[in-house]
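Reader: Could you take me closely through the aromatic side chains of this protein and the surroundings in which they sit? I would like one connected account, with the cut-offs behind each term.

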Amino acid sequence: MLKKGSKLYSILTGTCPKCQKENMYVDRNPYNLPAVFKMHEKCSHCGQKYKIEPSFFYGAMYVSYAVGIAFGVAAFVISYLFLGTNLKVAFVAIIATLIIFMPIIMRVSRNIWINMFVDYDKDWDKK
């Protein structure tokens, strides 16, 4: 399921979508907040440019909204349905979840966005 060459591998690991050899981010830790958005200009292995055009990652905001909704729904289901809390506690759980996972949501959204436009190329090193 999480094999090299799949989009899911690149999305979850933050590796180059074309060769999946190098991490796209300068710092792998998403909780290093000053560096959460800092990316390499291009992949040192295959030369894939990450910022394909100016303001390329603005589209990731739309993906971020959907990913945030998924995290919020998961927090609600776990809190309200599984743990049996009241609605106020479930609301606090949703807010806390979104705040705690914000750096991960931002990175995963960028990874999803770039993987929508760049495909894995298993023969990149032969070219």
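Author: What follows looks at the aromatic residues, their partners and the surface patch. The model is a predicted one, in which local features need pLDDT of at least 70 and side-chain atom pairs count only at pLDDT 80 or more, while totals for chains, interfaces and linings use all residues. Residues are numbered from 1 along each chain as its sequence is written, and side-chain values use heavy atoms, with hydrogens and water left out.

Rings of Phe, Tyr and Trp (for Trp, the six-membered ring) are paired if their centres lie within 6.5 Å, and a pair is stacked when the planes are under 30 degrees apart, edge-to-face when over 60, and tilted otherwise. By this rule there are 6 aromatic pairs. One of them joins F56 and W113, and because their ring planes stand at 50 degrees, with the centres 6.3 Å apart, that pair is tilted. F56 belongs to the loop between helix 1 (7-13) and helix 2, whereas W113 belongs to helix 4 (residues 102-117), so the pair ties together parts that are 57 residues apart in sequence; helices here are DSSP runs of H or I with at least four residues, numbered from the N terminus. Both F56 and W113 are buried, a term for under 20% relative accessible area, with exposed meaning over 50% and partly exposed the range in between (1.4 Å probe, protein chains only).

The pair F76 and Y80 is stacked, at 5.0 Å centre to centre and 15 degrees between the planes. These two residues are separated by about one helical turn, because F76 and Y80 are 4 residues apart in helix 2. F76 counts as partly exposed at 28% relative accessibility, and Y80 likewise counts as partly exposed, at 32%.

F56 and W113 also belong, with F57 and F117, to one aromatic cluster. Over the face of F57 lies R110, at 4.6 Å from the ring centre, and R107 lies over the face of Y25, at 4.1 Å from the ring centre; the criterion is NZ of Lys or CZ of Arg within 6 Å of the ring centre and within 35 degrees of the ring normal.

Returning to helix 2, F82 is found there, and at 66% relative accessibility F82 counts as exposed. For "transmembrane region", an unreviewed UniProt entry lists residues 56-83 and 89-106, in the numbering used here, with feature names shortened and annotations that may be inferred rather than shown by experiment. Over residues 56-83 the chain is 82% helix and 0% strand, with the end C-alpha atoms 41 Å apart.
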